[in-house]
Amino acid sequence: MIQFPETRPLTAAETEALRARQRSRNMVMGLILGFLVILFFAISIVKIAAPHPKSAEPQAPAPGAKSGTLGGHA
């Protein structure tokens with residue numbers, strides 16, 4: 001059988017120390033999350049702004065294709 005240690009209410013000093021540790025941990029996690037958001041946003045902007053290597057050259061229309069119409073229908 002598992003024996004659990006007796007629990008007792010925390011003193012005011014222990015409660016304040018616990019809250020300070022939690023606050024500190026929350027700040028670090030918030031900073032890490034904010035950094036990741038900024039990093040993902042920056043990567044997305046760079047990927048959108050960078051031209052695709054294959055699309056850098058203008059492509060000639062396919063033989064027999066009419067220019068200025070969608071799907072070749074007039």
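Glu16 counts as partly exposed, at 47% relative accessibility, where partly exposed lies between buried (under 20% relative accessible area) and exposed (over 50%), with a 1.4 Å probe and protein chains only. The structure is a predicted model, in which local features need pLDDT of at least 70 and side-chain atom pairs count only at pLDDT 80 or more, while totals for chains, interfaces and linings use all residues. Residues are numbered from 1 along each chain as its sequence is written, and side-chain values use heavy atoms, with hydrogens and water left out.

Glu16 is joined in a salt bridge by Arg23, with the closest N and O atoms 4.0 Å apart; a salt bridge is here a side-chain nitrogen of Lys or Arg within 4 Å of a carboxyl oxygen of Asp or Glu. Arg23 is itself partly exposed, with a relative accessible area of 47%. The search of the whole structure finds 2 salt bridges, and one of them links Arg8 to Glu14, where the closest N and O atoms are 3.0 Å apart. Of this pair, Arg8 is exposed, at a relative accessible area of 54%, whereas Glu14 is partly exposed, at 29%.

A nonpolar surface patch of about 750 Å² is made by Val28, Met29, Ile32, Phe35, Leu36, Leu39, Phe40 and Ile43. Such patches consist of residues with over 30% relative accessible area and no salt bridge, nonpolar side chains (Val, Leu, Ile, Met, Phe, Trp, Tyr) being joined within 5 Å and like charges within 9 Å. Ile32, one of the residues of this patch, is placed in helix α1, residues 12–49 (helices are DSSP runs of H or I with at least four residues, numbered from the N terminus), and is partly exposed, with a relative accessible area of 44%.

How values were computed:
Areas by Shrake-Rupley, 256 points an atom, 1.4 Å probe, with all protein chains shown as cover. Helix = DSSP H or I, 4+ residues; strand = E, 2+ residues; numbered from the N terminus.
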